[in-house]
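Hi,

Here is the structure I promised to pass on. Have a look at it first, and my notes follow below.

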Amino acid sequence: MAPRARSVAIAAACWLLLLAGAARAVDDHPVSIKFTSYTDRDSGTPMTVVAEGDTVTWHWDGSGSDLNHSVTSDDGISFNSETDPGGKPHGSHVNGDTFTVVFPTSGCFQYHCVVHGSMHGQVQVGTGVCPPLPPPGGGGGGGGGGGDGPPPPPPPASPPPDTTAPAFSAVREKSKKLVFNLSEPAKVTVKIRKGHKAVKTFHISGKQ
């Protein structure tokens, strides 16, 4: 091989090694579903913290009626083990069943069980994007009264939920990318279908 050709080949090999080193391995984060609770196997809590591009896999670890659970996002669209590919209805699970979701963008994804209203969990993609989870069970009783002082003011009313969907327009392909307009920040679910079957699901946090 000529000296110039050899140097070009070495440079190309180094570039490929740099690209391979820059690629981050995707991690999977297991969550156990058992005893009417979601438990992240790393933290031991219902909170699962992942990096962008990682996956979360829920495992049905119970038996009998303890398998009758779902993994359903609070917004109703991000993911749902009842209807998404890889999932099944809550009443048909067996021990060892799993459900996996890819989380490509940062955000706070809260979810629940459609059968048990006390079962809640959340996936935090990135850092500092989720509120702290409330402690399990009710709070302890308050101390004795300190006299006949004025009662405390009532807590401020919560704002009404935003039930108006954002406007979605100008969908187009640009430089091999899907481009669209949103009227307000929103979480967007993109499902790739082959015929009538969804083969992949992406969850994107879109800006206005």
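Let me start with Asn80, which is buried because its relative accessible area is 16%, and buried means under 20%. Keep in mind that this is a predicted model. Asn80 sits in the loop between β5 (72-73) and β6 (98-102). Its side chain comes within reach of a backbone atom: the distance to the backbone nitrogen of Glu82 is 2.9 Å. Leaving aside residues up to four places away in sequence, Asn80 touches Val71, Thr72 and Phe99.

Next, the cysteines. How many disulfides does a search of the whole structure find? There is one, formed by Cys108 and Cys130, with 2.1 Å between their sulfur atoms. Cys108 belongs to strand β7 (residues 107-112), while Cys130 is in the loop between β8 (120-125) and β9 (168-174), so the bond ties together parts that are 22 residues apart in sequence. The torsion about the S-S bond is about 115 degrees, which means the disulfide is right-handed. Both partners are buried, Cys108 at 14% relative accessibility and Cys130 at 13%. Cys113 is buried too, with a relative accessible area of 3%.

Finally, have a look at the second largest pocket, which holds about 260 Å³ of space. Ten residues line this pocket, and the closest to its centre are Ile77, Pro166, Ala186, Lys187 and Val188. Strand β11 (residues 186-194) gives the largest share of the lining, four residues. Sorted by class, the lining has seven nonpolar residues, two charged and one polar.

Cheers

Conventions
Residues are numbered from 1 along each chain as its sequence is written. This is a predicted model: local features need pLDDT of at least 70, side-chain atom pairs count only at pLDDT 80 or more; totals for chains, interfaces and linings use all residues. Side-chain values use heavy atoms; hydrogens and water are left out. Helices (H or I, at least four residues) and strands (E, at least two) are DSSP runs, numbered from the N terminus. Buried means under 20% relative accessible area, exposed over 50%, partly exposed in between (1.4 Å probe, protein chains only). A polar contact is a pair of N or O atoms within 3.5 Å; within protein, one must be able to donate a hydrogen and the other to accept it, and residues adjacent in sequence count only if both atoms are side-chain atoms. Contact means heavy atoms within 4.5 Å. On a 1 Å grid over the protein atoms alone, a cavity is a set of points where a 1.4 Å probe fits but cannot get out, and a pocket is an open set with protein on both sides within 12 Å along at least five of seven lines; lining residues have an atom within 4 Å of a point. Grid points are joined across faces, edges and corners, and a volume is the space filled by probe spheres set on the points. Ala, Val, Leu, Ile, Met, Phe, Trp, Tyr, Cys and Pro count as nonpolar, Asp, Glu, Lys and Arg as charged, and the others, Gly among them, as polar. A disulfide is a pair of cysteine sulfur atoms within 2.5 Å.
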